[in-house]
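Subject: Structure handover

Hello,

Please find the structure below, with my notes after it.

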Amino acid sequence: MCLFLELNMRGTMNTVFTFSLSLILLMQVHESHSQTLSFTTETVSIPETSPPGTVVFVFTFSPASSIPTINCVGSSSCSSIFQLRATGTTATITLSSSAVLNHKITNQYTKDIYISYIASGTTFSAQARLYVVITPAPKCDKLFASAGGATVQVLQNLAPSSIIYIVNPADPNPGSYKYSMTPEKPFGININTGSVTSPEKGFSGPGSFKLSITVNGMNGTSCSGILHVKVLPVETANVTFPKSSYAVSIDENTGPGASVMTVLAKGSDIYYQIVPQTSGGYAAYQIHQRTGEIRTTYNLDLEANPHLNSTVFLVQAYDPIHKVSATATVSITVRDVNEFPPVCHPALIVAQIKESEPIGYKFPSDDPVKCVDMDRMDSSLTYSIVTNENSKDKFRISPQGGYLVLNSTLDYDSYEVANVNFLYTASIIVTDNGKPPLTTTIPVYITVTQVNEHPPVFSPCPQAMQVNENAPLGTVIGQVNATDRDWPFNNVEYSIAGGAGNNPPKFYIDPRSGEIHVLSHLDYEKQTIYQLKIKAVDMNQDISPDPQMQKTAFCTVTVRVQDENDNPPVCKPPYYEELIYSTLKTDVGITTIQCTDIDTPIEDLTYSIVRGNVNNRFTMKGSALCSRNAFSFKTPGVYDPTDYELLIEVKDKGPPVFSTTATVIVHVVPWTTTQPTTTVKTTHRPRPTKIVTLTVFEWVPDTWFVVVLTVAGALLLLALALLTWKLLTLTSVCGRAPIEATKPLLQDSGGQFRGVFDDAGPTSPSNLHQQSSTPPAADKEIPESPLSLQRFDGRAQDPITGREYIFNSVTGQRRWL
């Protein structure tokens, strides 16, 4: 064995350490300045018995800053056998704590030692190789090398120089060991073979001797041991048994090593052995060579080895020193023991039974229970069944075994079965007739499987429900309920099979709760009754997967849509224009407003004038607009306008109340002249602020309604714009009022009324306000009057009285308000 160490100095402070064992040590120094290792190549030898920590090699290196590293060459295990420790500039290679050397496996290790350093900016390196040779070492026998040593007995009449012991190392290497003995006399030893011989002159008598023997190997290795020699006297000896035969009976299956009996012979230093027989049964027994106790070699099982029921063999007692012996016959009978309970197949019964199986149903039908007694194949067996509280009286077993039989039906659809997780448990007890009787228990697990026996049942059915036509989407209008007697109870799924309308459906049903919801907007005016066909399907009610055995039921639900006032009245036409005389009689209809409401009968519509009824000259009689015949065209006094723009509000009955408006333009032709008015100074009173609270009902229109309303509004605005433009073209709205129009309305001293009409001079008030109480005949031409042609296109305030008035910018006519 060699240890190779190589030291290489490189350009960095990182070092590589390789260590291996070989027979040659080679060192290569790559250095141009000075040698850094104390050797180049070296060979060392160590015995294979060297303990951990043994120093293998010591060398020096320089400088101290360079740390050697070892790299194993040719062996992957040497790194775990050797270790390097460096102190200062001295490095020591020792055996590691886990080192185990064996020259037969590896007789050399090669290791390279590297070292590197940097001097003056230049990197230098050096390496050396160390070969470690592992030499063989003797290893003595453990008994021989122990503290008590080995013992050998010989008779005193043994021939001289007879070999009595041979020292045999555990790892012999012939020719490489030398043997020595202390004391050297009277016994002899062969220094090359290690054979110990009796004295050259023989033994003079009985006695004991202690010999120390040393085995010397190469490189000073050795092992030693103690040999005790007992010299026995030569006597006349005889061996005898008290009786020639022995008989004993034992039970089977007593286990290996069980004591059977003990036979004793008379004599000195007796050994016992069983004489081999041709039958072979003796191998089941063994005898202690010193005590004579007979034990079983292995477990005696008559079922497996029937021939062991009776065994006869010879036991020999002998004296090896005096060469005398005696024999005795031993007869052993093995009794059969009822050791095995019945063996059953199957050992576990797991069955699934439908709840609809009838009484008397047998199971397991495909694999009936079969039991045998391994102790006696012809033994009769007894079968019984043990149940618990929930399986009591549910099952029985046939007297000969084989099948379990249903005593009563197994109802899956009950809380009782659900509480035990639909599992019945029982046990079949099988008993043999041995002594003692042994039993076998067969666990039985019976799972009841469900059968879909009952369809869902609606209660009540049919049903009637009501819903407001303006009910929000998602509104619950009612609930259907279907029950199912199959377990799990009432596990039903609902759906609407028809009658809910299309694109989109009007109603939706919750599949689990049965609640019917509004899915889309309802309209009483389009459809008032829906006949919903509700379908109920039971779920997971059979061992077969859905929908193979599902059962269904149907129920008709009548949904009546409740009308709600959600549409305003509609007036066609929305605009009326009439011409009347101021002498029109009271309650005579001027025109009739034509309005309808799809939610409210026509007779329930109410009409009222909400704007434009100046001086309350008109009234509504139902849908008819009538005059009160109270027009006044007197001056001074109340002077009614000749044109009225009446806004008629039409309301339905509600709730909520919806309204619409219609416009009626009434042109009044005055038929009498009014008396001149007198200017009266009045006190201007400030008008108090009134707070009007208007309750508005929130109404969220549909999208289509918003679009239609927008378009209609745009068209209405366009029509109003055109109408305004037309009126402006017909009148001089923008003309400048005459100076007289701004003068105060005061009478002069002559009783004349100044600044009333035009430049031609004042007109007599009596002529202006004179009016006939009766209208002219229809066939006569109506005389043209300035009053019938007057139009007021301006408004001003009297600076003296503060009273407001209107005026005609063309004629200069004025009228108090």
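This is a predicted model: local features need pLDDT of at least 70, side-chain atom pairs count only at pLDDT 80 or more; totals for chains, interfaces and linings use all residues.

Residues are numbered from 1 along each chain as its sequence is written, and side-chain values use heavy atoms, with hydrogens and water left out.

Surface patch

Leu716, Leu717, Leu720, Leu723, Leu727 and Leu730 make a nonpolar surface patch of about 620 Å². Patch members have over 30% relative accessible area and no salt bridge; like charges are joined within 9 Å and nonpolar side chains (Val, Leu, Ile, Met, Phe, Trp, Tyr) within 5 Å. A salt bridge here is a Lys or Arg side-chain nitrogen within 4 Å of a carboxyl oxygen of Asp or Glu. Areas are from the Shrake-Rupley method with a 1.4 Å probe, and for residues only the protein chains shown count as cover. Leu717 belongs to helix α3 (residues 703–730); helices (H or I, at least four residues) and strands (E, at least two) are DSSP runs numbered from the N terminus. Leu717 counts as exposed because its relative accessibility is 60%, where buried is under 20%, exposed over 50% and partly exposed in between.

Strand pairing

An open sheet of 3 strands runs in the order β35-β39-β38, with antiparallel pairing; strands pair if DSSP finds at least two bridges between them. β35 (476–479) and β38 (507–509) are the edge strands, each with a single partner, so one side of each has no neighbour in the sheet. On average, neighbouring strands of this sheet are turned by 25 degrees against each other, direction ignored; the axes are lines fitted to C-alpha atoms, and angles run from 0 to 180 degrees between N-to-C directions. β38 and β39 (residues 515–518) are joined by 3 bridges, and Ile509 has Ile516 in β39 as its bridge partner.

β40 (residues 529–538) is joined by 6 bridges to β37 (residues 492–498), antiparallel, with Val492 opposite Asp538. β40 also has 9 bridges to β41 (residues 552–562), again antiparallel; there Ile534 stands opposite Cys555.

Loop residue

Ser146 sits in the loop between α1 (142–145) and β10 (150–155). Ser146 is partly exposed, at 29% relative accessible area. The C-alpha atoms of Ser146 and Ile226 are 7.7 Å apart, although 80 residues separate the two in sequence.

Regards

Key. Buried means under 20% relative accessible area, exposed over 50%, partly exposed in between (1.4 Å probe, protein chains only).
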